[in-house]
Amino acid sequence: MVSIIERAPAKLNLGLDVLGKRPDGYHDLDMVMISIDLCDYVTVTPLEANVIEVDSDCLKMPNDRKNDVYKAVQLIKEKYHITQGVSIFVDKSIPVCAGMGGGSSDAAATIRALNQLWKLNMTLPEMIAIGMQIGSDVPYCLKGGCAQVSGKGEIVTPIACELSCWVVLAKPHFGISTRTIFPDIDCDQISRVNIAALVQALKGNDYPRLLAAMGNSLEDVSIAKRPFIQKMKDRMVKSGADMALMTGSGPSVFALCRTEKQANRVVNSLKGFCQEVYKVRTLL
Ligand code: C5P
């Protein structure tokens, strides 16, 4: 049986603005996301038997129906009346519950792989409709790169930019589940982020303006729960990062650096303070 291997990159939020609460309990968001070269790999192998098998090298990832990869297979099998089974193995490098969209990216990679395996000819909007039933970050992850993401997460507009820099990423010893952060938001009090300015800065490849426009409306709420996030940010900036920001609902924090030397200094400053530290590049 021929297997299909899909790369599933992690994402970072250069910007995350919460516009308000929706009648369905979710929030209208305006975000800018980029992919980085910290990737999971999803291997999809067809099976004769009509079963869905999901496995990974990560003990923290559930292998049952709760897994987003499992949900992706189930939704596609139902929609297209597929009676063939699949076995999926996820080679995990992206930390779990970290704000880096790992589970969403795995689900998106699964949708792309099954589209190819079962020759479904799904268009991007069709894949987005399936992705949205799994999680709000899945639509973005289907294409990745640099994009503005709005609505609940289903409106994805690519941004043409040449942001090429070093990213130092630190994941603390604890995780944060997104659904524990949103209920604590007061949309009238929250600090707002100018996403339009951020998009303009990216389009104009204006690095200083980009740094000035970056922000995350969820940061205050997550820092109030976990002050360690602020400590990581302070350390990164003190050691020479151009900017340090929490991604998604946290708890991971990333630093942008123009030069590798700068990035190395930031990595060194985190030694003994935070165990999981990655030095990566943006993937555009
Ligand atoms: O869609 P997903 O399962 O990734 O969302 C996780 C949680 O984040 C939701 O339960 C909800 O509390 C919150 N959320 C939100 N508005 C969005 C996306 C997510 O309130 N647009």
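The model shown is predicted.

**Exercise 1. Aromatic pairs**

Determine how many aromatic pairs a search of the whole structure finds, and classify the geometry of the pair formed by phenylalanine 174 and phenylalanine 228.

Solution. 
- Step 1. In the pair of phenylalanine 174 and phenylalanine 228, the ring centres are 6.2 Å apart and the planes make an angle of 75°. Planes over 60 degrees apart count as edge-to-face, and this pair is accordingly edge-to-face.
- Step 2. Phenylalanine 174 belongs to the loop between β7 (166–171) and α5 (195–203), whereas phenylalanine 228 belongs to helix α8 (residues 228–238); the pair therefore ties together parts that are 54 residues apart in sequence.
- Step 3. Phenylalanine 174 and phenylalanine 228 are both buried.

**Exercise 2. The second pair and its surroundings**

Describe the aromatic pair of phenylalanine 228 and phenylalanine 273, and state which charged end sits over the ring of phenylalanine 273.

Solution. 
- Step 1. Phenylalanine 228 and phenylalanine 273 are 4.9 Å apart, centre to centre, with 25° between the planes. Planes under 30 degrees apart count as stacked, and the pair is stacked.
- Step 2. Phenylalanine 228 is in helix α8 and phenylalanine 273 is in the loop between α9 (260–269) and β11 (276–283), so this pair connects parts that are 45 residues apart in sequence.
- Step 3. Phe174, Phe228 and Phe273 make up one aromatic cluster.
- Step 4. Phenylalanine 273 has a relative accessible area of 23% and is partly exposed. The charged end of arginine 235 sits over the ring of phenylalanine 273, at 3.9 Å from its centre.

**Exercise 3. The nonpolar core**

Identify the residues that touch the most other members of the largest nonpolar core, and the helix that gives the most to this core.

Solution. 
- Step 1. The largest nonpolar core has 69 residues, and Ile111, Trp118 and Met236 touch the most other members.
- Step 2. Helix α2 (residues 102–117) makes the largest contribution, with seven residues.
- Step 3. Residues up to four places away in sequence being left out, methionine 236 touches several residues, including Val168, Phe254 and Leu270.
- Step 4. Another core, of 34 residues, lies apart from the largest one; among its members are Leu38 and Met243.

**Exercise 4. Arginine 112**

Is arginine 112 buried or exposed, and which backbone oxygen does its side chain reach?

Solution. 
- Step 1. Arginine 112 is located in helix α2.
- Step 2. Its relative accessible area is 18%. Buried means under 20%, so arginine 112 is buried.
- Step 3. The side chain of arginine 112 reaches the backbone oxygen of leucine 142 at 3.1 Å.
- Step 4. Beyond its neighbours within four places in sequence, arginine 112 is in contact with Glu6, Arg7, Met127, Cys141 and Leu142.

**Exercise 5. The ligand**

Solution. 
- Step 1. Lysine 152 places a backbone N or O atom 3.0 Å from a nitrogen atom of the ligand. Lysine 152 also lies over the face of tyrosine 26, at 4.2 Å from the ring centre.

Technical notes. Residues are numbered from 1 along each chain as its sequence is written. This is a predicted model: local features need pLDDT of at least 70, side-chain atom pairs count only at pLDDT 80 or more; totals for chains, interfaces and linings use all residues. Side-chain values use heavy atoms; hydrogens and water are left out. Rings of Phe, Tyr and Trp (its six-membered ring) pair if their centres lie within 6.5 Å; planes under 30 degrees apart count as stacked, over 60 as edge-to-face and the rest as tilted. Helices (H or I, at least four residues) and strands (E, at least two) are DSSP runs, numbered from the N terminus. Buried means under 20% relative accessible area, exposed over 50%, partly exposed in between (1.4 Å probe, protein chains only). A charge sits over a ring if NZ of Lys or CZ of Arg is within 6 Å of the ring centre and within 35 degrees of the ring normal. A nonpolar core is a set of buried Ala, Val, Leu, Ile, Met, Phe, Trp, Tyr and Cys residues joined through side-chain atoms within 4.5 Å. Contact means heavy atoms within 4.5 Å. A polar contact is a pair of N or O atoms within 3.5 Å; within protein, one must be able to donate a hydrogen and the other to accept it, and residues adjacent in sequence count only if both atoms are side-chain atoms.
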